[in-house]
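Okay, thanks everyone, I'll keep this short. Let me put the structure up and then walk you through a few spots in it.

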Amino acid sequence: MASLTSPSQITGEISRLRSPKLRRSTHPNRRVGFGVFASASASAEEVKPEPDLSVTVNGLKMPNPFVIGSGPTRDELHGHEAGVSLDAAKVVNVTPRYARLRAGANGSVKGQIIGWENIELISDRPLETMLKEFKQLKKEYPDRILIASIMEEYNKAAWEELIERVEETGVDALEINFSCPHGMPERKMGAAVGKDCALLEETCGWINEKATIPVWGKMTPNVTEITEPARVALKSGCEGVSAINTITSVMGIDLKTLRPEPCVEGYSTPGGYSCKAVHPIALAKVMQIAQMMESEFNLNEYSLSGIGGVETGGDAAEFILLGANTVQVCTGVMMHGYGVVKKLCDELKEFMRKHNFSSVEDFRGYSLQFFTTHTDLVQRQQEAIRQRKAVKKGLQSDKDWTGDGFVKETESMVSN
Ligand SMILES: Cc1cc2nc3c(=O)[nH]c(=O)nc-3n(C[C@H](O)[C@H](O)[C@H](O)COP(=O)(O)O)c2cc1C
């Protein structure tokens, strides 16, 4: 994006983006990079250009696909601000509001943190303060993308006012929190809207009628079929969807006090689960949304942001291989600091170098083609067995279990 030096220029840029023809990412060459394997035989001395991490999403040019996920971390370069609503006075947080799960025997305090529960609400900082910071950030980092994460009550006028005030600051896009699991459902906020497709359609309608910059709807995984709300959000004017927000969780019960964690004055409430442990679930949700988008929407016009348990460049590559345009990191930044973004970029580049991918578009969505039904897996395996005449790996049938060789036979059927 061109350097923006005055609010009027900002408005000009945004309205240009709002033009349906210009504001959306255009990647006609999606997947062209797969021919890359043909170049693997190039001479060893040939100097390869650095892999290019930059992406263009809904018309927004980003230096890399990483976005700081909405949460307590406030990115200084590009990314989100914590959830914003009109009346911060209604947001009252409690402490403790986090609980962690560690790998290893009995959740040993030395084990690696793999799961994180929070019962935090959106930001309780006044809207005015947040708006001032948005303006300041855009002034200091005009070439970086700032996405405001916003959430409001089921009230058209309130949504319109919030959108207008946030847009005035010059932010580049809006992400709508339709997904916080513990976020004031009594006020029809967060997942209370995201779980109800009729409410979602109506609210998205209000938002997209008002917004003049790209809008991403952030999806909750706490539904049976995540493609349904994702489809509603895209059909109701959102330029993109993000997935996932946190998964409803109860971190545990203290076996001495018999009270649930995190424990506030002896009581708790179910919270939202994030971190490494949710990564496989997030991958499945992103894969399902990507498949739906691929079959029902023009992928050059809509975007997908993958979120959940990203701590390495490899984690991010997985989301991109499943069709994500951008990858968000929240708990990873809370645990390791902003420095993790540099590590993620380096590791993602390393992955790209290994595969000779020169751009993110070279491999975006590549792995989607390898998903099929279980019935098809059976047929493929039977066919492969027929062709090989003998199975070298795994058992053909349960009657082939030997008993004594149980551990070895189990191992032979694991894929990694
Ligand atoms: C402490 C905390 C606060 C969060 N607050 C918000 C929020 O205000 N709005 C929102 O849309 N998501 C919020 N999230 C969800 C994250 O943005 C993200 O979707 C989720 O944690 C999964 O990604 P992760 O494993 O990288 O954290 C929050 C997550 C955490 C851990």
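This is a predicted model: local features need pLDDT of at least 70, side-chain atom pairs count only at pLDDT 80 or more; totals for chains, interfaces and linings use all residues.

Residues are numbered from 1 along each chain as its sequence is written.

The chain has 13 helices and 16 strands. Helices here are DSSP runs of H or I with at least four residues, strands are runs of E with at least two, and both are numbered from the N terminus. Of the 416 residues, 43% count as buried. Buried is when 20 or more other C-beta atoms lie within 10 Å of a residue's own, exposed is 12 or fewer, partly exposed is in between, and the C-beta atoms are placed from the backbone. Now contacts: two residues touch if their C-beta atoms, again placed from the backbone, lie within 7 Å. Take the contacts between residues at least 6 apart in sequence, and 72% of them join residues at least 24 apart.

Let's look at helix α3, residues 127–140. At 1.5 Å a residue, its 14 residues should span 20 Å, and the end C-alpha atoms are 20 Å apart, so that agrees. The expected span, by the way, is 1.5 Å times one less than the number of residues. Which residues of α3 are buried? They are Met130, Phe134, Leu137 and Lys138. Looking down the axis of α3, those buried residues fall within an arc of 95°, so they line one face of the helix. That arc is taken over the directions from the helix axis to the C-beta atoms. Over on the other side of α3, you've got Glu128, Thr129, Lys132, Gln136 and Glu140, which are exposed.

Next, a helix pair. The axes of α9 (residues 313–321) and α11 (residues 340–355) come within 7 Å and cross at roughly 60°. That makes α9 oblique to α11. The contact is made on the α9 side by Gly313, Gly314, Ala316 and Ala317. From α11, the residues include Leu344, Leu348 and Phe351. For the angles, axes are lines fitted to C-alpha atoms, for helices over the stretch in contact, and the angle runs from 0 to 180 degrees between N-to-C directions. Under 35 degrees is roughly parallel, over 145 roughly antiparallel, 65 to 115 roughly perpendicular, and the rest oblique.

While we're on α11, Arg353 sits in that helix. Arg353 counts as partly exposed, with 13 C-beta neighbours inside 10 Å. Arg353 and Lys48 are 305 residues apart in sequence, yet 8.7 Å apart in space, C-alpha to C-alpha.

Most residues other than glycine have a negative phi, and most peptide bonds are trans. Where are the cis ones here? One joins Thr95 and Pro96, with omega about 0°, and Pro96 is in the loop between β4 (79–84) and β5 (98–102). Another runs from Ala243 to Ile244, with omega near 15°, and Ile244 is in the loop between β10 (240–243) and β11 (247–249).

As for positive phi, Glu265 is near 55°. Glu265 is exposed, with 7 other C-beta atoms within 10 Å, in the loop between β13 (260–261) and β14 (271–274). Asn356 has a phi near 60°, and lies in the loop between α11 and α12 (374–388).
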